[in-house]
Amino acid sequence: MASYILALDQGTTSSRAIVFDRAGQIAAKAQHPFPQIYPQAGWVEHDPMTIWDTERLAAAEAIRELPEGSIAGIGVTNQRETTIVWDKATGQPVYNAIVWQCRRTAELCEELKRQGLEERIVSTTGLLIDAYFSGTKIRWILDNVPGARQRAERGELLFGTVETWLIWKLTGQHVTDYSNASRTMLFDIHRLCWDEELCRLLQIPACMLPRPVENSAVYGTVQPGIPGLETLAGVPVCAAAGDQQAALFGQACFHPGEAKNTYGTGCFTLMNVGAEPVRSRAGLVSSVAWSVGGRTTYALEGSVFNGGSTIQWLRDELRLVDSAPECDRLAESVESSGGVVVVPAFTGMGAPYWDMYARGAILGITRGTGRAHIARAVLECIAYQVTDLMLAMRQDAGCDITALRADGGASVSDILMQMQADLLRIPVDRPAMVETTAFGAASLAGLACGLWRDTEELAALRRSQRVFLPQRPQADCDDEYRLWKKAVSRACHWAE
Ligand SMILES: Nc1ncnc2c1ncn2[C@@H]1O[C@H](COP(=O)(O)OP(=O)(O)O)[C@@H](O)[C@H]1O
Ligand SMILES: O=P(O)(O)OC[C@H](O)CO
C-alpha cells in the first residue's frame, strides 16, 4: 500500500531525497553534493542539468529498497530565488542557474531604487529591492544571453525557480507555488498573482512565467521513462514550498507568533504572522508561508548571510579549529569571550541592517585574547544576529514571541543554543527529527494525498529533543548584546 511520502530537498550545496513514513520518521535518504560555479567575484551559478541529475539520482537511491507502489506522493522543496530560464521545446537551459547569493544585479537594483520603485515593490511583493531576489536575475539573462529576449517574447522560453524546474522535469507542468513566487519581486502577495506592471517595468514577458499554485495540491504525475525513477511513473507531485517556508511548516509553526530559525550556512528566521501579511518597519520581508485549501498564511522573514559559515571560516581560513565540534569545545573552555566581538560581515550585512558595504571585524582584542575567546565570539555572533532578527520581529508583529524552534546544521551545538536562549530570554526548542525542511514538504504532500488529515495531526508528530531555557543573568546578556550593536556600527559602511 502507498504509505510513504518522498520529499525532494534541493539545497544550495546538495540535492537530497528523504522518504518519510506515516509516523513522520525517516525510512530512507540519499544526498548528492554538486559543484558551485564562481565565474567572477560575487557571482554564483549552478548547472541546471546537474541540479536535476543529482536530485534524480538522490530520489532513485532513496526509493531503491522500497517495494514498488509504496510512494503515495512527492513534495518538492528548494533553495529559493535561484533563477533558471530554458527552452520550452528542447528543455535546454539558455544559461546557468543564477544562484540566490549572486550579486551581479546589484547595480540594476540601485537603478530601480533611483527610479523610486522601492515603495511600489515593498507594498506589492513584501520584499525590498535586492539582488537576492529573482526578478533582476531573469532580466539579466534576457539582457545578456544573445537572442534570449526575442525568444522569450515569442513564447519560446520558460522561467522557473528550482521547484518549477524540477516539477517541469518530473511532470511536464509549468507551475510555481506561492511561497517560491513570493521571492521573485514580481508576485503580488496580496492578490496571489503576478504583477503585470512590475513585469513590464522589469521588462520580463509574462508568457515565460509559471502558473502560481497552492502549496498542497496535485500539480501533475511523474512521467514514465525517467531514468532511475521508472517505478514512480504516475505518482502525484502534490506539494512544493521554498525551503525556509517548508522548515516553518515542518517545525509545526502553525499558529501566529510561532517562529523558527534555521542555523545553516546562513540563518533564516521566519515567524507565522497569520492570514494577513505584516508590513515590516524594521528591515524584515514578508512572504507567503503557505496556502492550503484556499487559506493563505503569511510569514515575516529575516535572513542573515553568514551564520555557520563563520565557523567554517574559523576552520578553513584562520585554521583555529579542525572542526565545528572543536569550535564548541574550545568555546566551552572559557567563561566568556573576554570582551571580543566578531562581526561576520564577509558579504555585507543582511537583515535587519541591509548594508552591502559592511565588512567583517574582530573587535575588543587584548594581550590576553586567545583562540578560545575568538571561538566563543564566533558562536556568539551567530546568536546575536538571530537576536537582531527576533527583536525586529517582535517590533513588527507587536506581539511577544514565546519560543524559538531551532534547526539546521549548527543547531546541534548545545553551547550555541544556550547562548540563544540566554539572549532572547525564551525557550529554544530543538526537535528530535532535524530534517524539518524535507518534512515540511512531505507534510504538505501528505495532506494533499490523504496520508495526514490536518495540521493538528502533524503537530502531534513533532517531538522536542531538548529545550534550552535562559540561565545566565539578563543584565549580563543585555550588556554583551549592547557591545555587539556597538561593534556592528563600527563594521557598517566600511567598504563605501
Ligand atoms: N557541531 C557543530 N557546532 C556548530 N556548528 C556546526 C556543527 N556542525 C555543523 N555546524 C555548522 O552547520 C553549518 C551547515 O549547516 P547545514 O544546515 O547543513 O547548511 P546548509 O543547508 O546551509 O548548507 C556549517 O556552516 C557548520 O559550520
Ligand atoms: O539551500 P539553503 O538551505 O542554503 O537555503 C537557501 C535559501 O532558500 C535562500 O533564500
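Modeller: Two strands are taken to pair if DSSP finds at least two bridges between them. With that in mind, this predicted model has an open sheet of seven strands, in the order β17-β18-β16-β15-β21-β22-β23 and with mixed pairing.

Biologist: Which are the edge strands there?

Modeller: They are β17 (285-292) and β23 (464-468), each of which pairs on one side only. Direction ignored, neighbouring strands of this sheet are turned by 25 degrees against each other on average.

Biologist: And in which sense do β15 and β21 run, parallel or antiparallel?

Modeller: Strand β15 (residues 259-263) and strand β21 (residues 404-407) run parallel and are joined by four bridges. Within that pair, K260 has R405 of β21 as its bridge partner.

Biologist: Let's step back to the whole chain. How many helices and strands are there?

Modeller: The chain holds 16 helices and 23 strands. Its C-alpha atoms fill a box of roughly 65 × 55 × 40 Å along the principal axes, and 53% of its 496 residues are buried.

Biologist: What does the radius of gyration say about a compact globule?

Modeller: The value for the chain is 22 Å, which agrees with the one near 23 Å that a compact globule of 496 residues would have. As for contacts, among those with a separation of 6 or more, 73% are between residues 24 or more positions apart.

Biologist: What is the strand order in the open sheet of six strands?

Modeller: That sheet reads β3-β2-β1-β5-β14-β13, and its pairing is mixed. β3 (26-33) and β13 (216-221) stand at its edges with a single partner strand each, so one side of each has no neighbour in the sheet. From one strand to the next, the twist averages 25 degrees.

Biologist: How many bridges hold β5 and β14 in that sheet?

Modeller: Strand β5 (residues 71-78) pairs with strand β14 (residues 236-242) over five bridges, in the parallel sense, and I74 stands opposite V237 in β14.

Biologist: Which strands does helix α1 lie across?

Modeller: Helix α1 (residues 48-63) lies across β1 (4-10), β2 (14-20), β3 and β5, and it runs at about 30 degrees to β2.

Biologist: Changing topic to the ligands, which residues come nearest to ligand 1?

Modeller: There are 17 residues around ligand 1, of which G264, G308, A324, G409 and A410 come nearest. By class, this shell divides into five nonpolar residues, 11 polar and one charged.

Biologist: Which helix gives the most to that shell?

Modeller: That is α10, with four residues. Both α10 (308-316) and α11 (324-332) supply at least two residues of the shell around ligand 1.

Biologist: What surrounds ligand 2, then?

Modeller: The residues around ligand 2 are G11, T12, Q79, R80, E81, W100, G242, D243, Q244, G264 and T265. One of them is nonpolar, seven are polar and three are charged.

Definitions and conventions. Residues numbered from 1 in each chain as written. Chains lettered and ligands numbered in written order. Predicted model: local features only at pLDDT ≥ 70, side-chain atom pairs only at ≥ 80, totals over all residues. Near = placed C-beta within 6 Å. Nonpolar A, V, L, I, M, F, W, Y, C, P; charged D, E, K, R; others polar. Rg over C-alpha atoms; globule rule 2.2 N^0.38 Å. Buried ≥ 20, exposed ≤ 12 C-beta atoms within 10 Å, placed from the backbone. Contact = placed C-beta atoms within 7 Å. Axes fitted to C-alpha atoms, helices over the stretch in contact; angles between N-to-C directions.
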